[in-house]
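This briefing is for a reader who is new to the structure.

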Amino acid sequence: MNPFQKYWPIILIFLLFMGCGDNERITAFKKVNLVPMTEEKIVENQTVLVKGDRIAEIGDTDKIRIPQNAKVIDGQDVYLMPGLADMHVHLRNDWPLSQLDMYLANGVTTVRDLDGRDFMLQWRTEIKAGQRSGPTLYVAAPTIRGHEKNPSELVLKRNSGYDCIKLYSYLSQENYQKVMEIARKQQLYTIGHIPFAVGLDGVIAAGMDEIAHVEELSFELIDFDRTKNLNPEEWLPYVINNAIQQNKVSLGFDIKSINKNQRKRLSSIISKLKPANIPVCTTLVVDDVIVQKLFEPNTFLARSQNMYLPQMYKQALLQGKEKHQIQFGGIKDLAPFKYDLDKTLLIELHRAGIPLILGTDAGTGAMGIVPGFSVHDELRILVENGFTPYEAIATATVNASRVVAAMTGKNEFGTIEIDKRADFILVNKNPLENVAHIKDNRGVMAAGEWYESPYLQSIISPALLPGIAIEGNVFQVRRSDNSLNTNIEIIIGESFIGQLPDAVDSISVTLTGPDGIPSRVTLPHYRYFEQLRDFWYRIDGPPALGEYTFKVTGQGLSGTATDFQTVNRALPFPDITTFSPAKGATLTSKTPTFSWTPVEYPDCEIYYRLVINDLAGKRIYGTDRTQNMLSDTVAEGILKPGQTYQYRVRITDSEDWVEMQNRSDSQWLTFTMSETLE
Ligand SMILES: [Zn+2]
């Protein structure tokens, strides 16, 4: 029988399964409390059938027939809501973990990048084809900032494959009009800052489709000359200067009086936006984070999401060189004022029913805004400013989908309705009661692909983050005066870029005894041995036996290591009376030899190590721990003529530093190198 005949039945079965193909994949969410987001309601005991990436059926659980081949997800007592969208992000591919994974884990199933690059188009295609997991992507063309040679030409150049055009603050009146005209002819969706030279009136007149930040509107509350011909780097300082003068910053800001004085202007902004019905992206979390960084740095540093930030960012922050630390240098008070102003605008926009969509400006690596996590912060801020949970969630679901519809012609997510994209979060508690409930999910579905919570947690696990490489060792030292002590040493790997010892925030050591009970080891103040990047502690008495776990934190990173102490031995001392050179000797050789006699200890193998220090304690020379080594010759050039040194021999029970458990040290012997060496 040829192998094909033999395996034919198996191949046949396999082919049958293949035939069921990906498009036919069916998932059933059974007995869920449905949060459809079509209106503010919860529909109990519903079953939702998903075929491929679309919602196929929704109905009362007893009326929906679940196909045999469906994957069934039990939704009893939990809530099925639409996945969230972050409509203002900046995707990067050089963060410690994948930003796409961070979005999924946070229930963010749609993101729009507002300064696109080609790699994002590739991601967009791969995600759509199911070759890469991630939220559905929409990507704006690379931002047209305004200082380019011919901005209007760029509109066409950048049109290829992108979903919309993003315009920045520095377009001149003339260029802005040209850009908008071309975009209109090409039917391209335009989203942007409000260019300083253009202003809200100009933006509305030109028909820009969307405003990228609530913050953009705050510039409408400041008087400045829009006809000034300024370079990009001159505009912001010029406008801020005007803001400070007009608002008497030296007396401290009072948002209430600003409110009163600016009431007319605020209502004028609203009355302009209202008929234009221009959606505005929120991005309030940027203000929230700026104020924290400047005024409550410890609160900011303590955010657990910071572990995902790039190391470079954390470094810049600790050195005071972070983007906003620089931007607000000398005008720190402007930050909370600006936040208050933006909150006021948010409240007014919301009250007036201007379409608001959730955006967080996450991901650049320059501002400390962490992809995915920032969406939950933004939702919290919206609720703090008068949004009901339903209204806040709408900014990241229905409202977002309407904006995408204006951009692509398809309104296909944001609600749980038949034929919509199957983007869901299965949450444990009612999200319409508290937006914080959304953080606690059982799983996320993105375009029909189901990810369970344990899997999502595993792809953003702290264990995947680059940590601090450390080695730790606990050992007993029998000192030359016959006393016993416990040495605990922790060596920090070279990959840790902080300045030692200061950049280490904490070191802790836990002992789990033979009884399995863990206890914290009380550490005396450390001594730091710079040459070896070694933090060390000396405790009187021999070490307790058991497993030691070391933990080091610093610069937002952590590292752990373990070591075992299983036996305390009384290793003998080497006998210094047999040492050569003898104490106080003067050496004339350029390559002196040091020698000693063996110790007697039959219980284990014995390793010897010669160490030479200068009189200040600096390590000049040390051999490896070598079994049965009874002499060593020091190479030329290490010991300098005319210098006095000290040496000793250490006896250990292992050649490996971490495995070593016991050590005994001879006394130090001094010797002097002759002025002339031969
Ligand atoms: Zn942005």
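Predicted model: local features only at pLDDT ≥ 70, side-chain atom pairs only at ≥ 80, totals over all residues.

In helix 3 (residues 118-128), the residues Met120, Trp123 and Arg124 are buried, where buried means that 20 or more other C-beta atoms, placed from the backbone, lie within 10 Å of the residue's own, exposed means 12 or fewer, and partly exposed lies in between. Residues are numbered from 1 along each chain as its sequence is written.

**Around helix 3**
- An α-helix has 3.6 residues a turn, so residues three or four places apart point the same way.
- Asp118, Phe119 and Gln122 are exposed, on the face of helix 3 turned away from its buried side.
- Strand 7 (108-113) and strand 8 (136-139) are among what covers the buried residues of helix 3; a contact requires C-beta atoms, placed from the backbone, within 7 Å.

- An open sheet is formed by 4 strands in the order 20-19-23-24, with antiparallel pairing; two strands pair if DSSP finds at least two bridges between them.
- Strand 20 (518-520) and strand 24 (557-565) are the edge strands, each pairing on one side only.
- From one strand to the next, the twist averages 25 degrees, with axes as lines fitted to C-alpha atoms and angles running from 0 to 180 degrees between N-to-C directions.
- Strand 19 (residues 506-512) runs antiparallel to strand 20 and is joined to it by 3 bridges.
- Thr512 stands opposite Pro518 in strand 20.

**The whole chain**
- The protein chain has 18 helices and 33 strands, counted as DSSP runs numbered from the N terminus: H or I of at least four residues for helices, E of at least two for strands.
- An automatic or database assignment gives domain 1 (86-413), domain 2 (467-565) and domain 3 (576-673).
- The C-alpha centres of domain 1 and domain 3 are 65 Å apart.
- The C-alpha trace spans about 100 × 85 × 50 Å along its principal axes.
- Of the 678 residues, 38% count as buried.

How values were computed
Contact = placed C-beta atoms within 7 Å.
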